[in-house]
Amino acid sequence: MYFFILYCPLCFFYNKATMLLQNRAIIALGLRMCSTHVSKGPLVDAARPSSDMAEFRKVFSKAQHIAIITGAGVTAESGLPTFRGKDEHWRKWKSQDLATPEAFSRNPSRVWEFYHYRRELVLSKKPSAAHFAIAECEARLRKQGRSVVVITQCIDDLHRQAGSKHVLKIHGNLMETRCVSCGHVTLNKQSPICAALKGKGSPGPDVADAQIPVDKLPRCDKSDCHGLLRPNVVFFGETLDSHILTKVEKELEVCDLCLVVGTSSIVYPAAMFGPQVASRGIPVAEFNMTTTPKTEYFSYHFSEVFLRPVGLTLQISTNGVLCSLMQSKTVGFLTIFIPNICLKIRSALGA
């Protein structure tokens, strides 16, 4: 049985302790949910969190186990829509209304068209500077005996393509399929994934549904099954993979620094990962163009241009953001650049 739960905006006014207790329970339950409350604009309390980059550089230089939580803002730099704001709709439907088990049960053709569109986009894109910077940061710190884990809400595989080794994908993998009959999971990068979906999935608001017969949609290739396939992603209202969630919990328990990068912090349980770390007294830094519903929990929030490192050439778009985390001569720079509402990380390590 599946549950699709929306958070009431009144939850914003609960005290912090109550919110943390409630959301710890959400993390333990592992249901993927979307909050209806989105915070924008300047912080109410300008003294919290800090935007002192020099102070943050010191914290970063001492950290031994760093958890980086990434969202759609990172993949947006590769040209993938975030399905937030102006990209919220596919045709006339909200993406989160299509990404549910109920929607797939009612109209598997429409949902497959939506995910076929997303698959074709992902197959045509390459990792962004953000992906490469995170991967290079992990590699450099590993040589120093330090660790970096990427906990991503993204369902593409761009972090791994960029070279990241330690990646936990909490919402599944768009390039995998799962049989609804036998449960078999397989990697499938065919384009198109089936003949009936060729040329389908256009996102235009006036495009009619293809209404593909169920027997023509992607099917299990096991000879004794031939059941209907679905994307191996976590739909809203479904439970996250308990094995992945257990690994995430362990990483959050041992990290001594957490970066929350390019996420709106409205999808649960991921939205509570940062606050969960912060509740242990561990520094958490948020990098996003706007504040989020969870900004107030964090030690740092960066959304302005702080520093241009000498010798590093970057093209900065309107309303862009550049931050530099200079550590030492052996580590160099980790540069974070956020254009518009997305986020881009670029590295010039080893300066």
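Trainee: Where is Asp 157 found?

Mentor: Start with the elements on either side. This is a predicted model. In it, Asp 157 is in the loop between strand 6 (147-152) and helix 8 (158-162).

Trainee: Which side chain of opposite charge is nearest to Asp 157, and how far away is it?

Mentor: A salt bridge needs the two charged groups within 4 Å. For Asp 157, the nearest side chain of opposite charge is Arg 160, 4.1 Å away. Asp 157 is buried, yet it has no salt bridge.

Trainee: Which residues is Asp 157 in contact with, leaving aside neighbours within four places in sequence?

Mentor: Lys 169 and Asn 173.

Trainee: Next, the annotations. Which residues does the UniProt "binding site" with Cys 182 cover?

Mentor: Read the record, then check the space. The unreviewed UniProt entry lists Cys 179, Cys 182, Cys 220 and Cys 225. They are spread over 47 residues of sequence, but they cluster in space, with a largest C-alpha distance of 8.9 Å.

Trainee: How far apart are the C-alpha atoms of Cys 182 and Cys 220?

Mentor: They are separated by 8.6 Å, while the two residues lie 38 residues apart along the chain. Cys 182 is in the loop between strand 8 (172-179) and strand 9 (185-187). Cys 220 is in the loop between strand 9 and strand 10 (229-233).

Trainee: Is Cys 220 buried or exposed?

Mentor: Under 20% relative accessible area means buried. Cys 220 has 4% relative accessibility, so it counts as buried. Cys 182 has 38%, so it counts as partly exposed.

Trainee: What does Cys 220 touch, not counting residues up to four places away in sequence?

Mentor: Its partners include Cys 179, Cys 182, Cys 225 and His 226. Cys 182, with its own close neighbours in sequence left aside, is in contact with Cys 220, Lys 222 and Cys 225.

Trainee: Where does UniProt place the "binding site" that has Asn 288 in it?

Mentor: The unreviewed entry gives Gly 262, Thr 263, Ser 264, Asn 288, Met 289, Thr 290 and Phe 306. From this set, Thr 263 is in the lining of the largest cavity.

Trainee: Why does Asn 288 count as buried?

Mentor: Because its relative accessibility is 6%. Asn 288 is in the loop between strand 13 (284-287) and strand 14 (300-302). Its side chain reaches the backbone oxygen of Thr 290 at 3.3 Å.

Definitions and conventions: Residues numbered from 1 in each chain as written. Predicted model: local features only at pLDDT ≥ 70, side-chain atom pairs only at ≥ 80, totals over all residues. Heavy atoms only, no water. Helix = DSSP H or I, 4+ residues; strand = E, 2+ residues; numbered from the N terminus. Buried < 20%, exposed > 50% of the residue type's maximum accessible area, 1.4 Å probe, protein only. Lys, Arg positive; Asp, Glu negative; His and termini not counted. Contact = heavy atoms within 4.5 Å. UniProt positions renumbered as here; feature names shortened; annotations may be inferred. 1 Å grid on protein atoms, 1.4 Å probe; cavity = no way out; pocket = protein on both sides within 12 Å on 5 of 7 lines; lining within 4 Å. Polar contact = N/O pair within 3.5 Å; in protein donor to acceptor, adjacent residues only side chain to side chain.
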